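Let's walk through this model together, moving from a single side chain out to the whole fold. Keep the viewer open and follow along.

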Amino acid sequence: ITVPVELDFVRVSSYGNQSFSRGQVSFRKGVELSLENKHIILVEDIVDTGRTLCCLKNYFQKMPVVSVKTCVLIDKKERREVPLDVDYAGFRLEKGFLVGYGLDLAEKYRNYPDIYNLDKPV
């Protein structure tokens, strides 16, 4: 990105301590910067059911922004429950439960230096 960038974080959850989405997205920390007349890129580690990213995209599109794009490290389509087109994806996978390199299961496995597929999530 060659233009000036402002960075902010939101914290949302749809998995809690489970290996499956509860189907509800809860906001734990909202945006703090002014987004008026800005182009927004939502960056996410992984999109699975699509509920969280879809909820975020809808939330930000209701604000006075110019555009909202999505960027994910992994676009996994196995359990997609809502229609969602990811604008930028590092990898696109059909299935698997992935952990490591920041991805977690109930806050575990984030510290693995690579991405691993758990055969049977608990």
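**A walk through the model**

Tyr59 is partly exposed, at a relative accessible area of 35%; here buried means under 20% relative accessible area, exposed over 50%, and partly exposed in between, with a 1.4 Å probe and protein chains only. Before going further, please note that this is a predicted model, in which local features need pLDDT of at least 70, side-chain atom pairs count only at pLDDT 80 or more, and totals for chains, interfaces and linings use all residues. Residues are numbered from 1 along each chain as its sequence is written, and side-chain values use heavy atoms, with hydrogens and water left out.

Now look at the rings. The structure holds three aromatic pairs, where rings of Phe, Tyr and Trp (its six-membered ring) pair if their centres lie within 6.5 Å, and planes under 30 degrees apart count as stacked, over 60 as edge-to-face and the rest as tilted. One of them joins Tyr59 to Phe60 in an edge-to-face arrangement, with 5.1 Å centre to centre and 85 degrees between the planes. Phe60 is buried, with a relative accessible area of 4%.

Another edge-to-face pair is formed by Tyr109 and Tyr112, at 5.5 Å centre to centre and 65 degrees between the planes. Tyr109 is partly exposed at 26% relative accessibility, and Tyr112 is partly exposed at 33%. Ring pairs also bring in Tyr116, linking Tyr109, Tyr112 and Tyr116 into a cluster.

Ile1, Val3, Val5, Ile41 and Val43 make a nonpolar patch of about 550 Å².

Finally, step back to the whole chain. One helix and seven strands are present, in the order β-β-β-α-β-β-β-β from the N terminus; helices (H or I, at least four residues) and strands (E, at least two) are DSSP runs, numbered from the N terminus. Buried residues make up 28% of the 122 residues. The accessible surface, from the Shrake-Rupley method with a 1.4 Å probe, comes to about 8,300 Å², of which 52% belongs to carbon and sulfur atoms.

Terms used. Patch = residues over 30% accessible without salt bridge, like charges linked within 9 Å, V, L, I, M, F, W, Y side chains within 5 Å. Salt bridge = Lys/Arg side-chain N within 4 Å of Asp/Glu carboxyl O.
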